[in-house]
Amino acid sequence: MDVVNQLQRQFIDYSASLHREGFLDDQFTQLQKLQDDNSPDFVVEVASLFFEDCEKLINNMARALEQQQGVDFRQVDASVHQLKGSSSSIGAMRVKDVCVAFRSFCEAQNREGCLRCLQQVTHEYSLLKNKLQTLFRQQILAAGGSIPVVE
Amino acid sequence: MVMAASETKFHVLAVDDTLIDRKLIEKLLKTSSYQVTAVDSGTKALEFLGLNNNDHHDVEVNLIITDYCMPGMTGYDLLRKIKESSSFKDIPVVTMSSDNIPSRINRCLEDGAEEFFLKPVQLSDVNKLRPHLMKRRTQTNVNKRKSMDEIVSPDRARARYNELEVK
């Protein structure tokens with residue numbers, strides 16, 4: 001089946017590029033290895049949890065940094081620490097790296113630096129979300145399935 | 001099919017306040033053929049164990065694996081509570097953290113943790129749990145012949161501490 005081979009090739013190449021470009025690291029590969037017949041949607045489920053977590057934490061950080069009376073940097077840092085943990089657990093390397101820099105700015109109580117990191121982390125999260133959605137779509141197609149159309 | 005007592009799956013209690021990490025540790029443990037109960041706080045872990053009741057607990061937990069950084073009761077606090085409990089101090093406890101802080105690691109190991117895993121936890125880490133569980137199972141089978149009310153002698157407790165590896 002030529003088309004399926006093409007699709008499989010596409011999926012493999014895309015996956016490799018995401019690793020090469022630093023979006024994903026080995027931890028993501030570990031998650032894929034854990035997926036089995038008992039939990040066939042494991043990776044997608046973990047990714048969904050991650051994106052929900054991201055949105056919630058980014059909102060927390062934004063709110064904390066907006067405080068005109070004085071930013072509670074410990075509160076910001078607590079959210080960044082959590083995001084760093086989650087991104088590390090899923091293998092979201094670029095998001096994790098921004099979190100590392102972000103924590104330094106929190107420690108230095110540097111609001112400008114924090115705001116820059118917030119922008120970066122939001123950007124990296126969006127990029128990753130798009131790319132993973134593409135990857136999962138390709139995975140379904142490569143397996144010979146079809147993407148359900150949502151009305 | 002009737003399973004012999006020795007073939008019963010080990011039951012691991014996993015404690016982590018982060019949903020993603022709970023899902024991950026649960027999957028790792030299930031992949032390694034453990035029965036898993038996952039809770040999101042030290043308080044819930046103690047409730048599950050029945051630490052607050054004076055009755056015999058029906059639930060048997062063979063190992064506790066806990067995150068270190070949790071709001072309220074930290075993993076270290078939980079470790080201390082388990083080790084100070086007459087009913088549960090013999091349950092092996094493993095701690096995990098995303099932060100690599102040597103003083104934190106040493107403190108947990110010195111105060112009774114069997115292992116300390118750095119997150120993200122890998123399958124190779126989970127493989128390290130089996131010896132702790134097998135050793136406990138052998139000991140339990142021996143102890144079951146003795147009285148349940150026997151007090152552990154201080155010498156035995158000291159011997160246990162000497163077995164701990166400090167990494």
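Predicted model: local features only at pLDDT ≥ 70, side-chain atom pairs only at ≥ 80, totals over all residues.
His132(B) is buried, at a relative accessible area of 13%. The labels work like this: buried is under 20% relative accessible area, exposed is over 50%, and partly exposed is in between, using a 1.4 Å probe and protein chains only.

What does the side chain of His132(B) make a polar contact with? Its partner is the side chain of Glu115(B), at 3.0 Å. A polar contact is a pair of N or O atoms within 3.5 Å; within protein, one must be able to donate a hydrogen and the other to accept it, and residues adjacent in sequence count only if both atoms are side-chain atoms. Leaving out residues up to four places away in sequence, His132(B) touches Pro92(B), Glu114(B) and Glu115(B), where contact means heavy atoms within 4.5 Å.

## Ground rules

Residues are numbered from 1 along each chain as its sequence is written, and chains are lettered from A and ligands numbered from 1 in the order in which they are written.

## Chain B overall

Chain B has seven helices and five strands, running β-α-β-α-β-α-β-α-β-α-α-α along the sequence. Of its 167 residues, 45% count as buried. Take the contacts in chain B between residues at least 6 apart in sequence, and 66% of them join residues at least 24 apart.

The accessible surface of chain B is about 9300 Å², with 51% belonging to carbon and sulfur atoms; areas come from the Shrake-Rupley method with a 1.4 Å probe, and for residues only the protein chains shown count as cover.

Over all chains, the count is 17 salt bridges, each being a side-chain nitrogen of Lys or Arg within 4 Å of a carboxyl oxygen of Asp or Glu. One of them pairs Lys119(B) with Asp21(B), at 2.8 Å from N to O. Lys119(B) is in the loop between strand E5 (113-118) and helix H5 (123-126), while Asp21(B) is in helix H1 (residues 19-31), 98 residues apart.

Lys119(B) also meets Asp67(B) in a salt bridge of 3.3 Å, N to O. Asp67(B) is in strand E3 (residues 63-67) and Lys119(B) in that E5-H5 loop, so this pair ties together parts 52 residues apart in sequence. Buried or exposed? Asp67(B) is buried, at 5% relative accessibility, and Lys119(B) is buried too, at 14%. Salt bridges that share partners join Asp16(B), Asp21(B), Asp67(B) and Lys119(B) into one network.

## Chain A on its own

Glu55(A) and Lys129(A) form a salt bridge, with their closest N and O atoms 3.4 Å apart. The pair links helix H3 to helix H6 of chain A, across 74 residues. Glu55(A) is partly exposed at 37% relative accessible area, and Lys129(A) is partly exposed at 24%.

Gln139(A) is also found in helix H6 of chain A, and counts as partly exposed at 30%.

## Where A meets B

Here 19 residues of chain A are in contact with 16 residues of chain B. The area buried between the chains is about 1500 Å², with carbon and sulfur atoms giving 62%; buried area is the accessible area (1.4 Å probe) that two parts lose on being put together, summed over both. In chain A, Leu34(A), Leu49(A) and Ser89(A) lose the most area to chain B, together 34% of what that side buries.

Between the two chains there are three salt bridges, including Asp99(B) with Lys84(A) at 4.0 Å, N to O. Helices H2 (26-34), H3 (42-66) and H4 (73-90) of chain A each supply at least two residues of the side touching chain B. H3(A) gives the most to that side, with six residues.

Technical notes
Heavy atoms only, no water. Helix = DSSP H or I, 4+ residues; strand = E, 2+ residues; numbered from the N terminus.
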